[in-house]
Amino acid sequence: MASIERVPDFRKFKFRELKTYSSTEWLADNRKKYRQVFDRWETTYVYAELSFYNKYFDKEDWDVEVELKCFAIKKAKKELCTLPFHRKVSKFDNIVYIREGWGNKAEGVFWKKGTYVWEAFIEGEKVASRYFYVEDAGQDALKRGNPYIQLYSLKLYEGPYDDVMEDDRTYYRKFNGSDTRYIYAEILLKNIHFDKLWQCELFVKFYNDARELKGQVVRLQKIERKDEYLKISAGWGSNVKGSWRKDKYTCELVFMDKMVAAIPFEVGDFAEEGVPPIYIPDKAGPVIFTPMDDMNESFAEVMVKLDALVGLSEIKEKVRDHAKYIQFLQIRKDAGFEEKDSINVHSVFIGNPGTGKTTVATMMGRLYRKMGLLSRGHVHVVDRVDLVGEYIGQTAPKVKDAIERARGGVLFIDEAYALARNPDDTKDFGREVIEILVKEMSDGPGDLAVIAAGYPKEMNKFLDSNPGLKSRFAHYYEFSDYLPQELSLIAGYACQEKEIKLSAAAKAKIDDIIVNAYRDRDRSFGNARFVYDLLDKAKIYMGLRIMEMEEPSKLDREILETVQEADVAKIDYKPSRELPHIPIDEELLHESISELNHLIGLDKVKDQIIEHVRLVRYYRETSRDVLNSFFLHTVLIGNPGTGKTTVARILTKIYKALGILERGHMVETDRQGLVAGFVGQTATKTAEKIDEAMGGVLFIDEAYSLTQKSGGNDFGDEAIQTILKRMEDNRGRFFIFVAGYPDNMESFMKANPGLSSRFDKVLKFDDYSSHELLRIALQMLEEKGIVPAPEAEEHLAAYFDFLYNYRDKFFGNARTVRQVVIEAIKNQNLRLASFTPDERENVSANILILEDVVNFKLDTSGFIFNKKGIGFRRGGD
């Protein structure tokens, strides 16, 4: 066999990589932001980074000749530059980097759309080529958002190295760590840069919970002119199961150095199917994409779903007629008729909440897509907050961003009338939103349907706010309130969704509530939302009833799913307004409950409050509406000094921690702070105090004084009427705490029929026992740094027994204890003051002795009785 002579490689280097980038920003580990696709209007220089291994590392220094050349690739290669380098390679450098770029410091000047290549030569030998691409979407396109792609769908699945066929994929939000190999991201992108040939470079990055990069996949794909969508799969992992540790992860998509989206997922002991929430920059919350199954529906299937909606007969007929007319125009166009006017798809939806406006908007988006009027058919919902900026110059970018996000689908403007608050207010930027919308609907690039929705009266003012606005909307749909029989049908569908059943009696009770609510409705009536909320509450009361049974986990399915009449009877069905959702502040809640538990005595009050905290937690954890489910107005009944004000302050903090109160402050007042001396002034004074308490608690001490007539023109009743009205009108936005003595508060609650029905929580404060009075005294002394001697403590215990046994309804409880403590400390100070400084050094200044408390006589002759309280005096005075 002939031997092969191997020629030794005398080169002092070994090629490593050739990369391209445009940003001069340094990253960790001597890295740059490497890319192959650049936008013309953000590019100044394009750099090449050549790296090679030093084979003479740790041996000797040596010289190297390097040349970097850049070419434009059109029909032939056109040389743009040749950059020669003479470098001395240090023996201390294991890897050698050579970086240089070409271009112009002004963006968009040198580089034009096209294909380019960097070539690298070492010692005259070509070692590598690196292609890169410059794309052009317009000079200002990047300022308005991403002009190339729009995320359409992002889902995660598991599979082997060679991927999984699309029909065989199972999508997960949580993965089983022991069974997971590769985790793939399935990405569907809409090609916005349509009718252009261009290169798309997408970075798919996987991070663990510590934000360490676990893996990265780069997909470079050529986009053809007629490609409407781009589907990419990119995964990271290993064919060996278990390479993914238990942790929280994030998959992020990056395009042209900007994050497109992030999708969180978990790896743990169990897998959970589903699609995690997707987070997009500049979006306050997660985004839910329209399922592809819906987008693949036929026109007839969409119409069948529209017809299946409860009620809305007039709306259905108008939508069907509108669709038929569009089809007619398309037939004429195919027959050669020249339709000069474009088809107007902008609409106004008028109606109360819960009447199906958003649902119908979704259906219309799909219909328009099936008829070729919209490219995507999704719905992007916005309101005034999403469109109007706080300062000059902020509004236009927000509106344009919303329009571009809706491009290809429906821009649904909820409560659109809020954009036209006051036509004479030049500082209201809502007018600027309307002007931009008018221009977009008039001569914008199209591929957009604008639907403005709101109440009838306000929407007429909105349409009249701009001369050109009304003419831009061709279609008007009026959504009437659902009839009781229709709401009853909706209740049946809601039961199916919530996996509950109504007993015959419960169904009859639900129908009665629906009829009564329908009769009492105003324009804020929730319609279908009201029904869903009704059944949510019924399910909660069912749950509370079942949890009182023995071993609820062993009950059969029928019991667990059947709502009884008693559950429905507990529901307060009055219409409610939406209130802010504030998360529970666990730290403040723990601090507040600890403060409550630190109080001496009050065991029954503590139990009531802790029970209420548990109930609120249950409502929050099951996503129930706490603020509209309870009044939470509270009556605190007890004799003086029993801790009513202290507990009220703690309860306010607890409500704040639970997210029930928006601000969580407490405004303390009494009759004097609410009642004025002239007709009409009391209502104003009371309203101002309530406004001050909005978002918190209004604490009215000695509230019974509002119903006690003092002769002449007494306006306490006017204050009560004002309070009752605001309690109803602003339900859930503030709470009233009223406090007073037992007998007086009973009269107060009976003085007005509306009072007892508004206060659904009563806390009764019993007198402290003699033992608790002693503990309070010891706690007060401890706070002052004073410790009673055994004889002194024994005397105080006997004295509090004596006071407790002779107490009446005016007994001061903790207030009396405070007077005793103050008197005892004064006696101790007088005793210490009688010593000379030298004598005082041998006497403890923090000990309370018998001599300091002996003047508290166990003798009724020391009492001073009057109408308002019980006191004491020192013997011998």
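Colleague: In this predicted model, what is the strand order of the open sheet of six strands, and which pairing does it have?

Modeller: The order runs S13-S12-S15-S16-S10-S17, and the pairing is mixed.

Colleague: What makes S13 and S17 the edge strands?

Modeller: Strand S13 (213-223) and strand S17 (272-273) each pair on one side only, and that places them at the edges of the sheet.

Colleague: How do you know that strand S10 and S17 pair?

Modeller: Pairing requires at least two bridges between the strands, and S10 (residues 172-176) and S17 are joined over two bridges, in the antiparallel sense. Within S17, Glu 273 is the bridge partner of Tyr 172. Tyr 172 also belongs to one aromatic cluster, together with Phe 175, Phe 206, Trp 244, Tyr 249 and Phe 265.

Colleague: How many aromatic pairs are there, and why is the pair of Tyr 116 and Phe 132 called stacked?

Modeller: The count comes to 34 aromatic pairs. For Tyr 116 and Phe 132, the ring centres are 5.4 Å apart, within the 6.5 Å cut-off, and the planes stand at 15°, under the 30 degrees required, so the pair is stacked. This pair links distant parts of the chain, with Tyr 116 in strand S7 (residues 114-122) and Phe 132 in strand S8 (residues 125-135), 16 residues apart.

Colleague: Why do Tyr 116 and Phe 132 count as buried?

Modeller: The limit for a buried residue is under 20% relative accessible area; Tyr 116, at 8%, therefore counts as buried, and Phe 132, at 0%, is buried by the same criterion.

Colleague: How do you know that the charged end of Arg 211 sits over the ring of Tyr 207?

Modeller: The distance must be within 6 Å of the ring centre, with a further condition of within 35 degrees of the ring normal; the charged end of Arg 211 is 4.0 Å from the centre of the Tyr 207 ring and sits over that ring. Lys 12 likewise lies over the face of Tyr 56, at 5.2 Å from the ring centre.

Colleague: Which residues touch the most other members of the largest nonpolar core?

Modeller: Ile 609, Phe 737 and Phe 800 do so, in a core of 54 residues.

Notes: Residues are numbered from 1 along each chain as its sequence is written. This is a predicted model: local features need pLDDT of at least 70, side-chain atom pairs count only at pLDDT 80 or more; totals for chains, interfaces and linings use all residues. Side-chain values use heavy atoms; hydrogens and water are left out. Rings of Phe, Tyr and Trp (its six-membered ring) pair if their centres lie within 6.5 Å; planes under 30 degrees apart count as stacked, over 60 as edge-to-face and the rest as tilted. Helices (H or I, at least four residues) and strands (E, at least two) are DSSP runs, numbered from the N terminus. Buried means under 20% relative accessible area, exposed over 50%, partly exposed in between (1.4 Å probe, protein chains only). A nonpolar core is a set of buried Ala, Val, Leu, Ile, Met, Phe, Trp, Tyr and Cys residues joined through side-chain atoms within 4.5 Å.
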